[in-house]
Amino acid sequence: MQKGIIELEEMEFYAYHGCFKEEQVVGNRFIVNMAISVDVTKAMKSDSIYDALNYVEVYEITKEQIKQNSHLLEHLTDRIVTAIKAKFDYIDWLRVKVSKMNPPMGGQMKAVSVTLER
């Protein structure tokens, strides 16, 4: 058995998450990074998408969760992790990092992020 880590990097979305009313109206950019540990043995040998984790489905699940507004990044990140693990029960380990770009913190800041592993 060969374990592999598949990474989806810098998926960018525009969404309306936040505790402040303005954030829910104006919106913000969000960047999602994830690493997924799975058995890649069959895919390595067959070279078939049917034997591999379908990255497009992972992206679509992430996109659907991003569309549903949350007040907290912790809540949003948990929903993404839970939805992906529910769809792909053979995932050994998953790490998801959600970053809100230019958060309204009263000062200059690139991003604030929440990372969950399961």
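In which helix does Lys42 lie?

Modeller: This is a predicted model, in which local features need pLDDT of at least 70 and side-chain atom pairs count only at pLDDT 80 or more, while totals for chains, interfaces and linings use all residues. Residues are numbered from 1 along each chain as its sequence is written, and side-chain values use heavy atoms, with hydrogens and water left out.

Lys42 belongs to helix H2, residues 41–46 (helices are DSSP runs of H or I with at least four residues, strands are runs of E with at least two, and both are numbered from the N terminus). Lys42 is exposed, at 56% relative accessibility (exposed means over 50%, buried under 20%, and partly exposed in between, with a 1.4 Å probe and protein chains only). Ten residues separate Lys42 from Ala52 in sequence, yet their C-alpha atoms are 7.5 Å apart in space.

By contrast, Ser99 is buried, because its relative accessible area is 6%. Ser99 is part of strand E3, which covers residues 93–101. Leaving aside residues up to four places away in sequence, Ser99 touches Arg29, Phe30, Ile31, Ala111, Val112 and Ser113 (contact means heavy atoms within 4.5 Å). With one of these, Ser113, Ser99 also forms a polar contact, side chain to side chain, at 2.5 Å (a pair of N or O atoms within 3.5 Å; within protein, one must be able to donate a hydrogen and the other to accept it, and residues adjacent in sequence count only if both atoms are side-chain atoms).
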